[in-house]
Each structure stands twice: as structure tokens, then as C-alpha cells.
Amino acid sequence: MRQPAGRAQRRGGGSRKPREERWAELFAVATEVFYEKGYEGASLQDIADRLGLLKGSLYYYIHSKEDLLFEVMSEVHRQGLANIVALASRPGDPLQRLRNVVVGHVDHMCRNLTGTTVFLHEMAALPAERQEEILGGEHAYRSVFLDLIRKGKAEGLVRDDIDPKLASLSILGSVNWVYRWFRPGGEFTPKQIGEHFADLILHSLVADGASLEKPSPKKRASD
């Protein structure tokens with residue numbers, strides 16, 4: 001986890017806990033409070049109370065509530081992007097790798113439901129320039145899906161009538177919606193959901209005559 005962009009980088013001084021440990025606690029608690037109350041409903045006082053700190057102590061780490069949301073969103077995005085980039089880099093043709101990405105992305109979201117919810121619910125609370133700083137000018141997350149679909153089309157695996165940009169937007173929009181209804185311990189596991197979505201998505205993309213080979217159980221993306 002990166003260091004906060006607040007005052008802690010510019011000030012010395014001791015604390016009862018190492019700065020990195022206290023920041024990790026602040027990050028975790030802020031994520032929980034934003035999840036439970038929403039960004040608008042949450043306050044720095046709520047976060048300080050849960051940490052057992054004075055509100056003023058938070059300003060050692062951040063300048064404002066917006067700064068704290070920005071740090072939470074940045075870290076959630078960084079972890080999620082690293083996950084799908086790694087999955088997309090695994091061996092296989094573009095559609096096999098797209099399966100890896102879809103299954104692994106759903107699994108990651110479901111297993112990190114609190115951070116995922118904050119990220120997808122509260123992005124609009126940040127100014128446009130800070131949203132772009134997180135997402136990247138080309139929307140790095142969507143680019144992973146877009147690149148695989150374009151490569152699949154170039155190799156004759158994806159139907160000619162598929163527009164890669166629209167397809168990537170559709171896929172990411174549908175899989176991201178899982179967080180709204182998934183409940184831990186519910187009827188379906190993250191792996192089952194990811195596999196089902198991957199089957200639906202790949203069958204909608206695959207060109208006539210191209211085959212869809214599922215990875216062997218030992219090599220599935222969620223393992």
C-alpha cells in the first residue's frame with residue numbers, strides 16, 4: 001500500500017504506533033465507514049471515533065475527507081488492475097485469457113466486497129481530475145478487456161460484427177454489477193459466478209468455427 005499524499009510525508013515526529021501501521025488501520029476503517037454510511041454520510045469524526053483517536057490526529061495523515069476517499073479509491077483500483085493484468089498475461093489465446101480475466105475479476109470483487117462497493121458507488125464524489133488520476137486517461141481497467149477482444153478479433157476468434165469497444169464496455173459493466181447482489185455465503189460462490197459469466201460472455205463473442213477450450217481444473221483463473 002502506498003503512503004498517503006497528506007501531511008505524513010512532510011512531517012517527522014513519533015507516534016505510539018509506526019506511521020505505516022497506523023495508516024493501514026486508518027485506511028481499513030475509512031473503507032468500512034464509507035461502505036456503511038456512504039461518502040456523504042460519513043464524517044472524519046466517525047472514522048476518528050472508530051479508531052479511538054481525536055479528529056485532529058487524522059490531519060497528520062490527510063488534509064480532508066476527500067483526500068481519504070481518494071487514497072481508498074486509488075488503492076482499490078491499483079489492486080484490482082494488478083489482478084486482471086496478471087490474469088491477462090497468462091498463457092493461452094485471447095479468449096482463454098479473457099476467461100481468466102472475467103473469472104478472476106469477479107472472484108476478486110466478491111472477496112473484496114467492501115472496497116469494491118466503495119469504489120463503484122463513490123467515484124462520482126471525487127472531482128473529475130482526481131477520477132482521471134485514478135482511472136487513467138485511457139481507463140486502464142477497460143483497456144485490458146478491450147485489448148484481448150481486439151486480439152481475439154485479429155486472430156479470427158471473435159465475430160466480425162463485434163465492436164471491441166462496445167463489447168468491453170458491456171462486459172465490464174455486467175461483471176461489475178455483481179457486487180450489487182452478491183452475498184458471502186449465498187447460493188453461488190464467487191468461482192461459480194465468474195465461470196457462468198465467462199461462459200455467457202465468450203459464447204456471445206466467439207466466431208463461427210472457433211473453439212472455446214476451458215482451462216483444466218488445475219489451471220483455472222480462480223485457483
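Buried means under 20% relative accessible area, exposed means over 50%, and partly exposed lies in between. The tour below applies these cut-offs to a predicted model.

**Whole chain.** Start with everything displayed and coloured by secondary structure. The chain has 10 helices and 0 strands, which reads along the sequence as α-α-α-α-α-α-α-α-α-α. Now colour by accessibility: of the 223 residues, 46% count as buried. The accessible surface comes to about 11,700 Å², and carbon and sulfur atoms account for 51% of that area. Among contacts between residues at least 6 apart in sequence, 70% join residues at least 24 apart.

**Residue N112.** Select N112, in the loop between helix 4 and helix 5. Its relative accessibility is 32%, so N112 counts as partly exposed. In sequence, N112 and G80 are 32 residues apart; from C-alpha to C-alpha, the distance between N112 and G80 is 9.5 Å.

**Helix 5.** Move on to residues 113–122, which form helix 5. Here 7 of the 10 residues are buried, so helix 5 is largely enclosed by the rest of the structure. To see which ones, pick out L113, G115, T116, T117, V118, F119 and E122, the buried residues of helix 5.

**Around helix 5.** Which helices do the buried residues of helix 5 pack against? Show these in turn:

- helix 1, residues 19–41
- helix 3, residues 65–88
- helix 4, residues 94–111
- helix 6, residues 128–135
- helix 9, residues 178–181

With these on screen, the packing partners of the buried residues of helix 5 are in view.

Conventions
Residues are numbered from 1 along each chain as its sequence is written. This is a predicted model: local features need pLDDT of at least 70, side-chain atom pairs count only at pLDDT 80 or more; totals for chains, interfaces and linings use all residues. Side-chain values use heavy atoms; hydrogens and water are left out. Buried means under 20% relative accessible area, exposed over 50%, partly exposed in between (1.4 Å probe, protein chains only). Helices (H or I, at least four residues) and strands (E, at least two) are DSSP runs, numbered from the N terminus. Contact means heavy atoms within 4.5 Å. Accessible areas come from the Shrake-Rupley method with a 1.4 Å probe; for residues, only the protein chains shown count as cover.
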